[in-house]
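Here is a short briefing on one structure.

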Amino acid sequence: MAGNGKVEVEKEELKKGGLRTMPFVLASELCDRFALAGFNANMVQYLQNELHLHLVQATNTLNFFGGTACLTPIVGALIADSFAGRFWTIAAGSFIYLLGMIGVTVSAILPGLRPPPCELKSETCHRATTCQLLVFYGSLLLTAAGSGGIRPCVVAFGADQFELDRPMAQHGGRRSFFNLYFFSMGFSTLLALTVAVYVQDNVGWGLGFGIPSIAMFVSIVVLVAGYPLYIRRKPGGSTLTRVTQVLVAAVRKRKIQLPADANLLYQDKELDADISTAGRILHSDHLTFFDHAAVVTDGDLAETGRPNPWRLSTVHRVEELKSILRILPLWRSMDLAWTMAKV
């Protein structure tokens with residue numbers, strides 16, 4: 001009976017993901033990109049014409065929040081990998097971004113949240129008050145925080161729907177997904193830069209910001225609507241934490257002799273199951289200093305058989321760190337220095 005139940009669960013899992021999720025993911029991304037492009041395209045003009053900021057101040061303001069929006073994806077990726085998962089990180093990030101867009105839209109509609117109209121550079125033209133700027137800046141800060149949950153997860157979440165351990169028929173679907181993803185991203189940006197910008201310039205800022213806000217709301221609805229069909233990977237833990245654990249374990253055991261046979265280094269398929277869904281990384285002969293982290297010594301394993309991650313790492317995790325270091329331009333120098341030190 002237990003075996004039958006496991007088979008049923010596996011059959012249910014096979015019904016998830018694949019091409020059936022593409023309409024939801026791509027429609028959500030199309031609306032999301034339309035919202036982002038339409039919201040940011042004309043912002044300098046809004047700051048100058050409506051809030052009466054000087055060009056330099058308007059540009060610096062957008063550069064500051066743009067830089068913040070480029071940093072928040074680091075935090076969003078850590079949250080998604082550590083405990084929230086990609087789906088909920090995207091959903092939460094989209095909702096926070098929507099709140100920020102609503103704040104900017106409301107400030108563009110309500111007269112009390114912006115200075116009275118005037119001719120630019122005239123003596124009667126007053127800059128936005130501190131309170132008005134706080135409302136606007138607070139809304140922009142929400143959009144910067146929200147983008148941190150969207151940017152690092154969307155492409156990876158779409159790729160999750162075509163896992164490598166699924167039937168080969170789905171592998172072609174992954175290629176189709178990436179083709180359609182970048183097409184929809186370009187098409188939605190083009191649409192936003194024509195429709196939304198035209199409305200902002202010729203109809204009004206309230207409607208010009210309102211249309212992207214509606215698009216963002218639609219993207220959240222479409223994303224959530226496909227929830228039962230998605231493959232939702234369990235968070236495998238932060239890559240940054242795993243890398244730090246390998247470093248600490250390797251330094252602790254730096255004086256221990258490495259085994260001649262690399263197969264004697266510690267491996268645990270069950271422990272790595274959540275972070276090796278695309279295949280386990282095999283041992284390499286580069287940067288062998290970090291192999292010390294996978295040498296089993298007394299006290300590394302608990303009575304339950306589980307390792308202390310700050311004392312013992314699997315080969316897969318060690319090679320994960322090596323893969324990251326190989327991207328760095330100095331990794332060959334590091335490898336050469338370690339080789340010479342051994343000699």
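This is a predicted model: local features need pLDDT of at least 70, side-chain atom pairs count only at pLDDT 80 or more; totals for chains, interfaces and linings use all residues.

Which element gives the most to the lining of the largest cavity? That element is α2, with four residues.

**Cavities**
- A search of the whole structure finds two cavities of 30 Å³ or more.
- The largest cavity has a volume of about 100 Å³.
- Its lining consists of Val25, Ser28, Glu29, Asp32, Ile90, Ser94, Ile150, Val154, Phe157, Ser219, Ile220 and Leu223.
- Two or more lining residues come from each of α2 (22-40), α5 (86-109), α7 (154-160) and α9 (205-225).

**Nonpolar surface patch**
- Leu71, Ile74, Val75, Leu78, Ile79, Phe83 and Leu240 make a nonpolar surface patch of about 680 Å².
- Helix α4 (residues 55-84) is the top contributor to this patch, giving six residues.
- Leu71 lies in helix α4.
- Leu71 counts as exposed because its relative accessible area is 55%, and the cut-off for exposed is over 50%.

**Annotated segments**
- The unreviewed UniProt entry places the feature "transmembrane region" at residues 62-80, 87-113, 133-157, 178-199 and 205-230.
- Residues 62-80 are 100% helix and 0% strand, and the end C-alpha atoms of this stretch are 27 Å apart.
- Residues 178-199 are also 100% helix and 0% strand. Here the end C-alpha atoms are 31 Å apart.

How values were computed
Residues are numbered from 1 along each chain as its sequence is written. Side-chain values use heavy atoms; hydrogens and water are left out. UniProt positions are given in the numbering used here, feature names are shortened, and annotations may be inferred rather than shown by experiment. Patches are made of residues with over 30% relative accessible area and no salt bridge: like charges are joined within 9 Å, nonpolar side chains (Val, Leu, Ile, Met, Phe, Trp, Tyr) within 5 Å. Accessible areas come from the Shrake-Rupley method with a 1.4 Å probe; for residues, only the protein chains shown count as cover. A salt bridge is a side-chain nitrogen of Lys or Arg within 4 Å of a carboxyl oxygen of Asp or Glu. Buried means under 20% relative accessible area, exposed over 50%, partly exposed in between (1.4 Å probe, protein chains only). On a 1 Å grid over the protein atoms alone, a cavity is a set of points where a 1.4 Å probe fits but cannot get out, and a pocket is an open set with protein on both sides within 12 Å along at least five of seven lines; lining residues have an atom within 4 Å of a point. Grid points are joined across faces, edges and corners, and a volume is the space filled by probe spheres set on the points.
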